[in-house]
Amino acid sequence: MSKNSRSFYLYFVIIIGLLLFTAWIGMSRVQNTGYTQGEFVRQMEDNEVALVNICPNKNTPTGSVEVTLKGGEERVLYVTDVTQIEALVRSHGLDPRVESVPEESWFLNSILPILIVVIVGVFFFVIMNAQNAGGSSNGKMMNFGRSRARLMLGGENTIKLDGVAGLKEEKEELQEIVEFLKDPGKFTQVGARIPKGVLLEGAPGTGKTLLAKAIAGEANVPFFSISGSDFVEMFVGVGASRVRDMFAEAKRHAPCIIFIDEIDAVARRRGTGMGGGHDEREQTLNQLLVEMDGFGVNEGIIVMAATNRVDILDPAILRPGRFDRKIAVARPDVRGREDILKVHAQNKPLGDDVDLTQIAQTTAGFTGADLENLLNEAAINAAMDERVFLKQDDIKKAFVKVGIGTEKKSRIISDKEKRITAYHEAGHAILFHVLPDVGPVYSVSIIPTGLGAAGYTMPLPEKDEMFDSKNKMLQDIMVSLGGRIAEEIIFDDVTTGAMSDIKKATQKARRMVTRYGMSENIGIINYEDNDDEVFIGRDLAHAKSHSEEISGQIDREVKAIIDDCYAKAKAIIVEQSNVLHKCAELLLEREKIGRDEFEALFDVKYPQPGDPAATEA
Ligand code: ADP
Ligand code: ZN
């Protein structure tokens with residue numbers, strides 16, 4: 001729930017409370033005391049009454065009679081005619097005190113209700129104002145269903161693409177969208193179809209919002225931004241109506257960009273039944289899909305969405321005509337970091353000794369936001385020192401604060417760790433390239449991913465293959481072992497960094513044996529009924545379908561596969577040790593290398609699956 005809506009609920013509760021309070025006051029005044037005139041007369045006859053106080057109401061003959069009994073007890077009687085009751089009391093020899101019309105009763109009857117209505121009115125007024133001041137430009141926040149999107153008109157947005165440092169490939173990929181927004185006619189003329197939705201995927205702080213805003217700024221079109229969590233409200237149907245409203249608004253401003261931050265909040269895989277209120281979320285998501293399907297291809301609305309969890313998104317949003325363009329926004333490499341530092345140092349006077357290149361080299365894994373934060377802390381340090389420029393030392397001190405001081409996903413990596421990672425990734429990459437059924441290597445990186453991995457070697461963007469061959473599976477296992485083997489050869493020691501590689505290799509080998517009938521000694525038999533990893537408890541409850549003897553045999557078979565792959569992989573890496581060193585050096589220098597740079601390291605050309613040449617041959 002957003003801050004705004006939380007304060008709204010607070011007001012809501014206060015108002016309900018006030019209303020209940022009024023009702024209670026009213027009720028207490030007409031409360032039936034159970035005291036009757038008959039009882040009063042009997043008590044007067046029995047001489048039990050000490051005092052009588054008659055309080056007439058204003059303008060009517062009605063009133064109340066306060067009776068004090070001799071025992072000290074007090075009773076109240078409501079009567080329809082006070083003069084009649086006064087006569088009755090006097091006829092019993094008592095002398096009642098008749099009060100003038102009580103002030104209080106008049107206040108309660110006429111002033112208080114008006115007062116409360118006024119207070120409630122003022123409350124609503126205040127809330128409305130508060131919400132409007134809270135950043136909404138459309139000013140109609142009292143309506144639940146209105147979109148919460150913030151609108152930035154073309155002229156207000158001063159961010160341009162050159163304000164986004166690094167992210168070269170990402171910007172290139174988005175160039176056509178900028179062109180389209182500038183002049184949609186150019187594209188419609190020739191029947192070109194421009195994606196409606198672009199999904200930006202990357203860690204927080206890598207500049208996704210900045211990038212989207214810069215595209216709007218560059219094309220000089222309005223920019224609507226909203227966070228996925230703004231759609232997820234307490235009341236079912238609110239999110240969906242917000243989506244509808246936002247698209248209606250956007251159509252009026254087309255061409256424009258709608259930016260949805262944290263789209264995972266609405267677009268989580270449907271039907272998992274996890275967490276409360278998913279009905280509301282599903283409705284919202286459905287509405288989003290309906291809207292995206294609804295507008296024409298070139299209507300001039302580009303929906304950009306950001307997430308760092310593409311894995312939990314509902315596959316429906318990635319279908320053609322929806323978010324059919326996926327762009328990974330990576331953590332910056334060393335050159336990107338230097339550029340980002342330069343951008344954020346623009347308004348900060350730097351001393352002679354400041355070396356941004358050196359800072360960039362020591363901040364592997366930092367995102368743009370981290371770097372901005374680093375310079376900001378450094379500027380604070382300078383100001384605290386009464387200096388008007390930043391020194392290298394300020395930045396060094398700031399490091400401790402942003403990098404180590406707080407527990408940070410992007411911690412500072414030592415040179416030793418970097419070297420190990422470089423060789424590890426180079427090991428994977430070489431096997432990937434040399435082995436015939438796997439590859440090609442698209443990029444190799446030693447920029448920490450923030451998800452615990454020290455680097456990665458990226459193969460072809462996942463291909464949907466009907467099945468794997470035995471050879472390909474064996475080669476996959478070899479590739480997985482490549483990182484560990486390289487560490488072993490170079491450092492004569494191994495690290496824990498290969499844990500997930502080993503797991504992957506083992507899993508694959510085991511499946512070859514127990515599922516796919518790929519081992520001669522075990523034969524073509526399925527020994528694995530079910531490996532639904534969801535049901536962790538299953539193994540315990542489920543009787544094994546095979547004997548202990550077979551189990552042992554399977555284990556031996558798995559080990560044999562791994563050992564064999566290991567030996568073959570090691571032989572290749574030793575043979576390519578030249579490339580291994582060159583690749584690791586290049587990685588240490590650049591942090592990330594692309595396919596061409598990588599392939600240039602080899603003297604011989606190795607054909608890659610999917611290459612035109614390879615398929616023809
Ligand atoms: P995300 O949306 O990916 O979480 P943001 O776009 O909100 O990240 O980035 C937060 C801030 O970090 C930006 O406002 C900007 O100051 C800084 N930043 C991030 N990436 C870059 C970049 N490539 N160039 C310049 N500044 C950046
Ligand atoms: Zn690895």
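In the predicted model, the charged end of arginine 595 sits over the ring of tyrosine 442, at 5.8 Å from the ring centre.

A pair of aromatic rings is described by the distance of the centres and the angle of the planes. Five aromatic pairs are found in a search of the whole structure. One of them is formed by phenylalanine 180 and phenylalanine 187: the ring centres are 5.7 Å apart and the planes stand at 80°, so this pair is edge-to-face. Both phenylalanine 180 and phenylalanine 187 are buried. Phenylalanine 602 and tyrosine 606 also form an edge-to-face pair, with 5.8 Å centre to centre and 75° between the planes. Phenylalanine 602 has a relative accessible area of 7% and is therefore buried; tyrosine 606, with a relative accessible area of 18%, is buried because the limit is under 20%. Ring pairs join Phe598, Phe602 and Tyr606 into a cluster.

The overall architecture can be summarised as follows. The protein has 23 helices and 13 strands. Of its 617 residues, 42% are buried. Among contacts between residues at least 6 apart in sequence, 72% join residues at least 24 apart.

A metal site is present. The zinc ion (ligand 2) is coordinated by His424 (NE2), His428 (NE2) and Asp501 (OD), at 2.0 to 2.1 Å. The spacing of these donor residues in sequence is H-x3-H-x72-D. Distant parts of the chain are linked in this way, since histidine 424 belongs to helix 16 (residues 415-434) and aspartate 501 to helix 18 (residues 499-514), 77 residues apart. Histidine 424 is buried, its relative accessible area being 6%. Aspartate 501 likewise counts as buried, at 11% relative accessibility.

A disulfide is a covalent bond between the sulfur atoms of two cysteines. A search of the whole structure finds zero disulfides. Cysteine 55 counts as buried at 5% relative accessibility, and cysteine 256 is buried with a relative accessible area of 0%.

Two helices were described in terms of length and burial. Helix 7 (residues 208-219) has 12 residues, and the distance from its first C-alpha to its last is 17 Å, close to the 16 Å expected at 1.5 Å a residue. Buried in helix 7 are Lys208, Leu211, Ala212, Ala214, Ile215, Ala216, Gly217 and Ala219. The buried residues of helix 7 are covered by elements including helix 5 (168-182), strand 6 (197-201), strand 7 (223-227), strand 8 (256-261) and strand 9 (301-307). Helix 14 (residues 368-384) has 17 residues and reaches 24 Å from its first C-alpha to its last, close to the expected 24 Å. Its buried residues are Gly368, Asp370, Leu371, Leu374, Leu375, Glu377, Ala378, Asn381 and Ala382. An α-helix has 3.6 residues a turn, so residues three or four places apart point the same way.

Backbone geometry was considered next. Most residues other than glycine have a negative phi, and most peptide bonds are trans. Asparagine 220, although not a glycine, has a positive phi of about 60°. This asparagine comes just after helix 7, in the loop between helix 7 and strand 7, and counts as exposed at 53% relative accessibility. Glutamate 386, which follows helix 14, also has a positive phi, near 60°. For glutamate 591, phi is near 75°. Glutamate 591 lies in the loop between helix 21 (577-590) and strand 13 (592-594) and is buried, with a relative accessible area of 1%. The peptide bond from alanine 254 to proline 255 is cis, with omega near 0°. Proline 255 is placed in the loop between helix 9 (238-253) and strand 8.

Leucine 88 was also described. Leucine 88 is part of helix 3 (residues 82-91) and counts as partly exposed, at 26% relative accessibility. Leaving aside residues up to four places away in sequence, leucine 88 touches Gln37, Val41 and Met44. The C-alpha atoms of leucine 88 and methionine 44 are separated by 9.9 Å, and the two residues are 44 residues apart along the chain.

Definitions and conventions:
Residues numbered from 1 in each chain as written. Chains lettered and ligands numbered in written order. Predicted model: local features only at pLDDT ≥ 70, side-chain atom pairs only at ≥ 80, totals over all residues. Heavy atoms only, no water. Donors = N, O, S within 2.8 Å, 3.2 Å for Na, K, Ca; no water. Helix = DSSP H or I, 4+ residues; strand = E, 2+ residues; numbered from the N terminus. Buried < 20%, exposed > 50% of the residue type's maximum accessible area, 1.4 Å probe, protein only. Disulfide = S-S within 2.5 Å. Expected span 1.5 Å × (residues − 1). Contact = heavy atoms within 4.5 Å. Phe/Tyr/Trp six-rings, centres within 6.5 Å; stacked < 30°, edge-to-face > 60°. Lys NZ or Arg CZ within 6 Å of the ring centre and 35° of its normal.
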